[in-house]
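Please keep the sequence and the 3D view at hand while reading.

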Amino acid sequence: MDSEHIGDSEWSELQANLEATIPVYDRINRFATLGQDQRWRKGIRELIPTNSSVLEIGCGPGTFSERIVGCEVTCLDPIPAMLEVARTRINKARSERGENEAIFVEGTAEEIPLPDCSFDVVCCLFSFRDFQDKRKGLQEMLRVLKPGGQLLICDAGKANFLHGWLGWLWMKLWVGSYARLICKQSDHPWKWLTKTYVHFGTTRKYKKMMREVGFFPVKGRLLFPGMAVRFIAVKPE
Ligand SMILES: C[S@@+](CC[C@H](N)C(=O)[O-])C[C@H]1O[C@@H](n2cnc3c(N)ncnc32)[C@H](O)[C@@H]1O
């Protein structure tokens with residue numbers, strides 16, 4: 001694993017562990033981020049113009065897309081069990097709001113099984129870190145965006161080595177202890193959060209990568225209290 005790639009066997013193991021987090025996913029996220037994850041997701045949703053066609057890459061159990069209002073929503077994830085939980089949850093919320101159903105697609109960011117130039121907005125909440133090939137994922141997300149469309153990414157923040165070390169300490173001690181308690185096992189699936197974070201690159205690295213694949217302009221900044229990073233990247237007209 002490095003800041004750009006995750007090898008096949010490690011990625012398969014990561015996927016199995018992500019699937020195992022489903023029953024406690026929201027609960028542990030709340031604890032791990034001191035409740036800030038909801039605010040970060042809301043901040044990304046507020047950047048989506050009404051009536052947009054939105055693609056969420058790595059939708060997980062639906063925590064983000066459940067609350068997108070007034071848009072056409074497509075959710076993509078490689079784990080069928082995640083898609084099933086997301087389908088039930090998101091379509092229940094959409095039907096209560098009188099909106100049509102979202103679309104659910106099994107696949108990866110690196111090979112998005114959807115046509116070119118089909119979305120106004122592509123969102124990636126806490127899934128970019130898990131991509132097997134981050135550059136390829138960015139190229140694919142650029143391909144499916146309409147010209148002028150925006151890519152919105154939120155993930156664990158890493159400004160530099162020291163910040164990364166503090167983040168690692170937080171995940172290892174705070175999140176790890178809680179996850180051990182909740183999952184009632186020392187070999188709990190949240191260990192992978194720390195593993196993928198250790199190899200995650202800095203904000204500067206991914207801003208550069210986004211520009212290299214063709215996004216412009218690209219912005220990236222840490223979100224208060226510094227545990228997360230948000231990127232906003234535009235597909236040029
Ligand atoms: C931590 S969950 C994030 C869920 C959700 N987006 C949220 O806001 O909490 C990460 C998700 O990314 C998915 N994922 C992992 N690798 C991926 C890839 N290469 N392409 C697309 N999704 C991927 C996982 O299956 C998992 O459901």
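N51 sits in the loop between α3 and β1 (53-57); helices (H or I, at least four residues) and strands (E, at least two) are DSSP runs, numbered from the N terminus. The model is predicted, so local features need pLDDT of at least 70 and side-chain atom pairs count only at pLDDT 80 or more, whereas totals for chains, interfaces and linings use all residues. Residue numbers start from 1 along each chain as its sequence is written.

**Backbone exceptions**

Most residues other than glycine have a negative phi, and most peptide bonds are trans. N51, which is not a glycine, has a positive phi of about 70°. F126, in the loop between β4 and α5 (134-144), also has a positive phi, near 55°. A residue is buried if 20 or more other C-beta atoms, placed from the backbone, lie within 10 Å of its own, exposed if 12 or fewer, and partly exposed in between. By this count N51 is exposed, with 9 such atoms, and F126 is buried, with 21.

**Fold and helix α3**

The chain has eight helices and seven strands. Its radius of gyration, taken over C-alpha atoms, is 17 Å, close to the 18 Å that the globule rule (2.2 Å times the number of residues to the power 0.38) gives for 237 residues, so the chain is as compact as a globular protein of that length. Of these 237 residues, 39% are buried.

In helix α3 (residues 36-45), D37, W40, R41 and I44 are buried. They line one face of the helix, because their directions from the helix axis to the C-beta atoms fall within an arc of 100°. R39 and K42 are exposed on the face turned away from that side. The buried residues pack against α2 (25-32), β4 (119-125), β5 (145-156), β6 (218-223) and β7 (228-234).

**Ligand shell**

There are 22 residues around the ligand, and G58, G60, L125, S127 and D130 come nearest; a residue counts as near if its C-beta atom, placed from the backbone, lies within 6 Å. The shell divides into eleven nonpolar, seven polar and four charged residues. Here Ala, Val, Leu, Ile, Met, Phe, Trp, Tyr, Cys and Pro count as nonpolar, Asp, Glu, Lys and Arg as charged, and the others, Gly among them, as polar.

Methods: Contact = placed C-beta atoms within 7 Å.
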